[in-house]
Amino acid sequence: MRPNDRKYTKTHEWVKTEGDTVLIGITDFAVQELCSGNEGDLVYCDLPEPGRMVEVGETFGEIESVKAVADLNAPVAGTVVEINVSVEEHLEILSRDPWNAGWMVRLTPKTKSFEGSELMDAAAYEAFLAAQAH
Amino acid sequence: MPSAWRLLRTFGREPGFNMGLDEALLLVSGPLPVLRFYTWNPPALSLGFFQRFADVPETSRASVVVRRPTGGGAIHHANELTFSIAVAADHPLVRGEVRASYRRIHDAIAAALADLGVRARAKGECPLLSDRASSGMCFQRSHPLDLAWNERKGVGSAQRRTRERVLHHGSIKLGPSPLDDTVARLDRADTGPAELADHLELSFARQFGIDFVADEPSAAELTHALERAAHFRSEAFVRGR
């Protein structure tokens with residue numbers, strides 16, 4: 001079961017509240033789709049500069065595996081305050097620990113509540129993935 | 001029941017436009033899947049989206065250099081056919097793992113090449129004669145999924161995935177390509193870009209149950225392609241990494 005301390009998007013990003021900010025990353029499912037379990041296939045990642053404002057669903061960066069460049073999409077709107085440089089430099093972190101060490105971006109969100117958004121809790125995300133498999 | 005796809009043939013367009021139109025098929029097209037065939041006039045070197053300019057010394061020998069919206073290594077687009085596929089992100093062709101989408105697409109390409117007497121197979125774990133350590137050229141860097149024949153890489157492909165859509169494009173060499181001279185080629189006097197496109201179209205139709213409808217780029221796609229052509233050719237974008 002994936003962590004239930006965060007919300008999930010249909011494009012396989014996660015967002016987790018941490019004080020007045022939120023952390024954003026991608027799920028293990030997204031990593032598996034990109035590299036099929038071969039962490040060496042993740043080759044590059046471009047994250048936004050602190051200070052950049054993003055809207056919900058906006059592309060805030062890209063990640064490259066040896067066979068595809070995939071957009072990274074903002075689960076919530078806000079202003080980038082920090083990026084995880086370790087992930088940019090060691091992409092294997094995403095494969096090994098997408099939930100903690102693999103956080104990618106910290107935002108100050110526009111709104112504190114996720115109510116009314118399309119974000120899913122862990123159980124709904126699991127159900128979404130199960131439905132996708134059929 | 002066959003599924004309807006648009007079929008575009010845009011031969012002989014300039015390199016920036018070619019990238020602009022592929023981006024348009026990814027970003028501003030309607031919902032229908034698209035298969036596009038094209039050639040490059042003039043020939044050009046295209047860099048991968050994240051590729052460092054300094055890692056490709058071949059840029060000094062190319063008359064035109066562009067950067068693609070997709071990843072991977074550099075390709076010299078001379079004497080070849082380029083194909084692009086643009087479909088919804090949840091389309092069965094591209095749904096799931098990236099590797100799986102490559103296998104599906106490469107199966108169709110291999111079947112087309114087999115009709116032309118070429119026995120193309122996924123490279124697997126064996127090194128190829130076309131491999132060159134530390135090369136920035138796509139065809140000189142092989143992956144187990146790559147299609148190869150005569151122990152050389154023969155199809156260079158890359159993808160870009162957005163929330164809504166996936167663009168997959170690739171190149172197949174028809175003959176000698178000055179900056180890609182170690183790679184697999186079709187080398188058939190009776191098979192130019194149009195003939196190879198015919199075979200690929202037939203193979204895709206057969207493999208995936210597609211009913212292709214010949215079409216032209218829409219006004220929105222053309223506008224996007226023409227507006228973005230300069231970007232893909234620009235010094236800032238090409239040399240920006």
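The following conversation asks how some descriptions of this predicted model are reached.

Modeller: In this predicted model, local features need pLDDT of at least 70 and side-chain atom pairs count only at pLDDT 80 or more, while totals for chains, interfaces and linings use all residues. Residues are numbered from 1 along each chain as its sequence is written, and chains are lettered from A and ligands numbered from 1 in the order in which they are written.

Biologist: What makes β4 (42-46) of chain A and β12 (210-214) of chain B edge strands?

Modeller: Strands are DSSP runs (E, at least two residues) and helices likewise (H or I, at least four), numbered from the N terminus, and two strands pair if DSSP finds at least two bridges between them. In the open sheet of nine strands, with mixed pairing, β4(A) and β12(B) each pair on one side only.

Biologist: How do you know that β4(A) pairs with β6 (residues 59-65) of chain A?

Modeller: Four bridges join them in the antiparallel sense, against the at least two that pairing requires, and A:Tyr44 stands opposite A:Glu64 in β6(A).

Biologist: Why are helix α2 (residues 98-115) and helix α3 (residues 193-208) of chain B called oblique to each other?

Modeller: Axes are lines fitted to C-alpha atoms, for helices over the stretch in contact, with angles from 0 to 180 degrees between N-to-C directions. The two axes come within 8 Å and cross at roughly 130°; angles under 35 degrees count as roughly parallel, over 145 as roughly antiparallel, 65 to 115 as roughly perpendicular and the rest as oblique, and α2(B) and α3(B) are therefore oblique.
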